[in-house]
Amino acid sequence: MNNMELLKEAKLARERAYTPYSHFKVGAALLTKSGKIYHGCNIENAAFTPTNCGERTAFFRAVYEGERDFDRIAVVGAPEGVEADIPTAPCGVCRQVMMEFCDPETFVIVMPDGKGGALEVLLKELVPYGFGPDNLK
Ligand code: THU
């Protein structure tokens, strides 16, 4: 599964987004090291703060299924009715959830690069000097 294919999966997931308040739709496709894909979308709430981002939906679905080894995640986001072709980087809360389950040295976040291709960054680039499970050992 290459980055462009994974971005396509994230775009499919984005179609499931429940966004009656922001109308900003996010989709995510989380690839495990064994090659399985878990999809997620953002799910909003009238009380606003219970909203769950697309990335966390994908992680929580995967973790519930027993997955612990993750390779990369593709994320796409854009306002409703707009093609999700420019980068939408994960929010801080989602970055912290990634820190819980992924090695920041190797886990990759894939986004559209705005030029028809894929941009990839490492988790350690999004969370420099991050806090994770190792800090509690
Ligand atoms: N959102 C995500 O799903 N992922 C992100 O990383 C950024 C923000 C969602 C939350 C909310 O439903 C909408 O985008 C606007 O913030």
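The model is predicted, with local features needing pLDDT of at least 70, side-chain atom pairs counting only at pLDDT 80 or more, and totals for chains, interfaces and linings using all residues. Residues are numbered from 1 along each chain as its sequence is written, and side-chain values use heavy atoms, leaving out hydrogens and water.

Let us begin with the ligand. Around it sit S22, F24, V26, N42, E44, T51, C53, G54, E55, A89, P90 and C91, where a residue counts if one of its heavy atoms lies within 4 Å. This shell divides into 6 nonpolar, 4 polar and 2 charged residues, with Cys and Pro counted as nonpolar and Gly as polar. Both β1 (24-32) and α2 (54-64) supply at least two of the shell residues; helices (H or I, at least four residues) and strands (E, at least two) are DSSP runs numbered from the N terminus.

Next come the polar contacts, pairs of N or O atoms within 3.5 Å. The side chain of E44 places an N or O atom 2.4 Å from a ligand oxygen, while a polar side-chain atom of N42 is 2.9 Å from an oxygen of the ligand. G54 takes part through a backbone N or O atom, 3.0 Å from a ligand oxygen. The protein covers 78% of the 380 Å² of accessible area that the ligand has on its own (Shrake-Rupley method, 1.4 Å probe).

Now follow β1 onward. It runs antiparallel to β2 (residues 37-41), joined by 5 bridges; strands pair if DSSP finds at least two bridges between them. A29 has H39 in β2 as its bridge partner. The two strands, β1 and β2, form a hairpin with 4 residues between them, and G35 in the turn has a positive phi of about 100°.

Definitions and conventions: Polar contact = N/O pair within 3.5 Å; in protein donor to acceptor, adjacent residues only side chain to side chain.
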